[in-house]
Structure formats: C-alpha cells, structure tokens
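Work through the following exercises with the sequence and the model at hand. Each task is followed by a stepwise solution.

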Amino acid sequence: MASSSTSPCAACKFLRRKCQPECVFAPYFPPDQPQKFANVHKVFGASNVTKLLNELQPHQREDAVNSLAYEADMRLRDPVYGCVGVISLLQHQLRQLQMDLSCAKSELSKYQNLGISGHGLIAHHQGINLLGGGAARDHHHFHHQLFPVNQQQVIRAFDGGNGYDAGSLLAVNMSASIGQLGGFQQSRTGAAADGRRTPVEPS
C-alpha cells in the first residue's frame with residue numbers, strides 16, 4: 001500500500017522498475033523532471049550513473065548529478081563540443097571584457113591627465129588676466145603719448161570690435177610718423193643748404 005501510494009522517481013519510472021526506499025536516484029531525479037534523467041541515461045547510461053553515485057559521499061552526490069545533467073544536455077545540443085564549446089565561448093567573452101576594461105582604464109587615465117594639465121593652463125591664463133589690467137593701461141597711455149585724439153579714437157575702434165590687432169596698427173602709425181619726420185628733416189636740410197627757410201604748414 002505504501003509503495004502504490006508513492007510516485008516512483010523519474011529514473012525508476014523511465015526504467016520501468018519499482019522504486020525502492022533506498023533508491024539512489026530518488027533524491028536527485030524527482031517524478032516531475034523526467035527529461036533530466038532521460039538525457040543523463042542517453043549520454044552516460046543508468047548503470048554508469050549508479051556506479052558513480054555509489055562511489056561518492058552523500059553530500060557530493062547532488063553536485064555530481066547536476067554536473068552530469070548539464071553536460072548531458074549540452075552534449076545533446078552540440079554533439080561535437082558539448083559543454084566545452086560553451087566554456088570556450090565564455091572564456092573568449094571574458095578575455096574580450098578584460099581587454100575592454102583595460103582600454104577603458106587607459107582612456108580614463110588620459111582624461112585625468114588632461115584634467116590636471118587643464119587646471120594648470122587655467123591658472124596660467126588667470127595669472128595673465130591679473131597682469132593684463134596694468135598692461136592695458138600702459139598700452140592706452142602709450143596711445144595718448146604718440147597719437148592725437150582723432151587717431152586714438154580710431155585705435156580704440158580697432159581694439160574694441162573690429163577684430164584687428166591694435167599692435168599692428170600702432171606699428172603702421174609709428175612707421176608713418178617716422179616717415180613724415182624723416183621727410184620734414186630732409187626738407188629742412190635742403191632749405192638750409194639753399195639758405196632759405198621752409199615754411200611749415202600747420203597740421
């Protein structure tokens with residue numbers, strides 16, 4: 001009565017035999033997982049699995065059955081490589097991820113170095129800006145010394161919004177002024193040689 005009321009394990013049901021209380025398959029092949037034992041039996045054989053489980057300690061049997069079931073399932077899916085193909089694929093993915101991680105660390109190190117040099121460059125520009133106020137005042141004072149008011153306005157217009165270099169304009173005006181001064185001196189020299197005084201026209 002007891003045996004008839006208890007469902008046999010998947011192994012005994014597949015082998016069409018009576019499931020005994022000391023059945024070595026019963027704890028690891030429950031009645032609701034018939035395909036698990038069918039795959040293991042097809043790949044390894046029921047007698048080989050029975051011999052293997054009897055040689056192991058009770059606390060090792062569950063891990064052994066799970067390993068056999070996984071290897072049998074992969075062998076049926078891939079008869080050539082079985083679980084070795086899956087292991088090789090996972091190892092390849094692991095190497096690829098390690099390479100990606102190394103590249104990411106290298107890029108991060110570059111950006112960190114750029115950030116450090118960028119802070120130094122910002123500090124350098126800030127120092128130039130702090131000194132720029134005095135240089136600008138000296139620059140405009142030099143304009144007032146060399147050029148009349150109307151030329152100063154032209155220089156300020158070039159400095160302000162026209163995008164030209166005021167230093168270049170300053171050099172051009174200085175060259176023109178030196179040229180005018182040289183011409184004036186030559187005319188005075190020629191007049192002195194003739195014994196005449198050359199009148200100077202007001203500007």
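**Exercise 1.** How many salt bridges does the structure hold?

*Solution.* This is a predicted model, in which local features need pLDDT of at least 70, side-chain atom pairs count only at pLDDT 80 or more, and totals for chains, interfaces and linings use all residues. Residues are numbered from 1 along each chain as its sequence is written, and side-chain values use heavy atoms, with hydrogens and water left out.

Step 1. Apply the criterion: a side-chain nitrogen of Lys or Arg within 4 Å of a carboxyl oxygen of Asp or Glu. The structure holds 1 such salt bridge.

Step 2. Identify the pair. Asp73 bridges to Arg77, with the closest N and O atoms 3.3 Å apart.

Step 3. Asp73 and Arg77 are separated by about one helical turn, because they are 4 residues apart in helix 5. Helices here are DSSP runs (H or I, at least four residues), numbered from the N terminus.

Step 4. Classify accessibility: buried means under 20% relative accessible area, exposed over 50%, and partly exposed in between (1.4 Å probe, protein chains only). Asp73, at 24%, is partly exposed; Arg77, at 63%, is exposed.

**Exercise 2.** Which residues of helix 4 are buried, and which are exposed on the other side?

*Solution.* 

Step 1. The buried residues include Ala46, Val49 and Leu53. They lie on the same side of helix 4, because they cover an arc of only 60° around the axis, the arc being that of the directions from the helix axis to the C-beta atoms.

Step 2. Ser47, Lys51 and Glu55 are exposed on the other side of helix 4.

Step 3. Find the cover, counting a contact as heavy atoms within 4.5 Å. Helix 2, helix 3 and helix 5 are among the elements that cover the buried residues of helix 4.

**Exercise 3.** What does Val40 touch, not counting residues up to four places away in sequence?

*Solution.* 

Step 1. Locate Val40: in helix 3 (residues 34-43), the buried residues are Phe37, Ala38, Asn39 and Val40.

Step 2. List the partners. Val40 touches Phe29, Gly45, Val49, Leu68, Ala69 and Ala72.

Definitions and conventions:
Helices (H or I, at least four residues) and strands (E, at least two) are DSSP runs, numbered from the N terminus.
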